[in-house]
Amino acid sequence: RHQLVALLEDLVGTNRLTRSYAHLPLSTADEVATGHTVGWFQEWLAHHEPGSAYWVPDRDHRARVPEVIVPALLIGGWHDLFLASQLEDYAALRAAGRDPHLTLGPWTHTAPRLFGAAIGESLAWFRAHVTGDRSGLRTDPVRLYVQGAGEWRDYAAWPPPAVPTPLRLHADGTLSTDAPAASEPSVYSYDPADPTPGIGGPLLGQGAGPRNQKDVEARSDVLVFTSTALTEDLEVIGEVSARIHLRSSEEHTDLLLRLCDVDAKGRSVNVCDGLQRLVPGRFPVAADGSREVEIAMWPTAHRFRAGHRLRVQVASGSHPRFARNPGTGDPLGTATRLVVQHQEILHDPDHPSALILPVAG
């Protein structure tokens, strides 16, 4: 009986949460999900803009990371929601002359295997720095799990040496190192009333990590660009990024890129992604109305095997991981009016849209 009650409570909570994702305005979504107003959620909505004074110095402690003088061990996963922030902390410690150790595995934030690895490495870390017994520590401070290869690698630092390699988007839906030819833009429309869903990736809870992208890629508001089958393995280790030339009907819009691994049977699985929110003045507008948008994507270590293909999804949302962009510029918490955003992705010699991969040597 108690198990049945717990199950029903979970289902009710899940249904409420699902309804809250679709609810507008966001300022009352907490009431839909929980039945009452959530103070911290309201504060976050009121101060969601980057650089808001609300966060500094009492809530955002990034500036204090270089003050840390104790030995630091950082453990995370490639599909951990906090990976990017963790790597910022790692870089700050390195810049301050510290020698942090870093372990990144094929995990999400709540993966049991991450907890197991964290316990094992932490015990060895404390033993080394409390008793002086360093027998449990590795020689190189950085250990990375290379997805697709199924193996661990040790490095002197993050990111390891790599060659920035552009893969350019082409009008015929291909992805290659070739220079783009003269072409018309690829087009799609994003309707925030039916936001493009996100499947998998760095989430909390169920559904996180690598997932089949078939349903997302079948949508009319998603463009896909795919390479030919690889003749040899390709390893990508480091910070992935993109430079995309976008012309939009709206000044306020989002641009999302997702890198996927397509196996020999055609199954497309997400590797990493990134979203850039556009507002007036963030990226200069050219005479033809286009903007060159820079997108910092999620770090990764992944081997694309011979016979596989690389794929890039281009969209303007990944809901509910990212709050939908209403297209109006209205405040995030109070926006209710939704505007369809018509997008053009340019890929010609004057607008060479490209994904930038850190290809391992």
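1. Let's start with a side-chain pair: His302 and Asp261 make a polar contact through their side chains, at 2.7 Å. A polar contact here is a pair of N or O atoms within 3.5 Å; within protein, one must be able to donate a hydrogen and the other to accept it, and residues adjacent in sequence count only if both atoms are side-chain atoms. Please keep in mind that this is a predicted model, where local features need pLDDT of at least 70 and side-chain atom pairs count only at pLDDT 80 or more, while totals for chains, interfaces and linings use all residues. Residues are numbered from 1 along each chain as its sequence is written, and side-chain values use heavy atoms, leaving out hydrogens and water.

2. His302 sits in strand β14 (residues 300–304); helices (H or I, at least four residues) and strands (E, at least two) are DSSP runs, numbered from the N terminus. His302 has 9% relative accessibility and so counts as buried (under 20% relative accessible area; exposed is over 50%, partly exposed in between, with a 1.4 Å probe and protein chains only). Leaving aside residues up to four places away in sequence, His302 touches Val146, Gln147, Gly148, Leu234, Glu235, Val236, Asp261 and Val271, with contact meaning heavy atoms within 4.5 Å.

3. On the cysteines: a search of the whole structure gives zero disulfides (pairs of cysteine sulfur atoms within 2.5 Å). For Cys260, the nearest cysteine sulfur is that of Cys272, 8.8 Å away, which is too far for a bond. Cys260 is buried at 0% relative accessible area, and Cys272 is buried at 5%.

4. Helix α5 (residues 112–131) is worth a look. Its buried residues are Leu114, Ala118, Glu121, Ala124, Trp125 and Ala128. They lie on the same side of α5, because they cover an arc of only 145 degrees around the axis (taken from the directions from the helix axis to the C-beta atoms). These buried residues pack against β1 (73–79) and β2 (101–108). On the other side, the exposed residues include Ile119, Leu123 and Phe126. After α5 comes Gly132, with a positive phi near 90 degrees.

5. Finally, the nonpolar cores (sets of buried Ala, Val, Leu, Ile, Met, Phe, Trp, Tyr and Cys residues joined through side-chain atoms within 4.5 Å). The largest has 49 residues, with Leu255 and Val314 making the most contacts inside it. Strand β3 (residues 142–146) gives the largest share of this core, four residues. A second, separate core of five residues includes Leu114 and Ala118.
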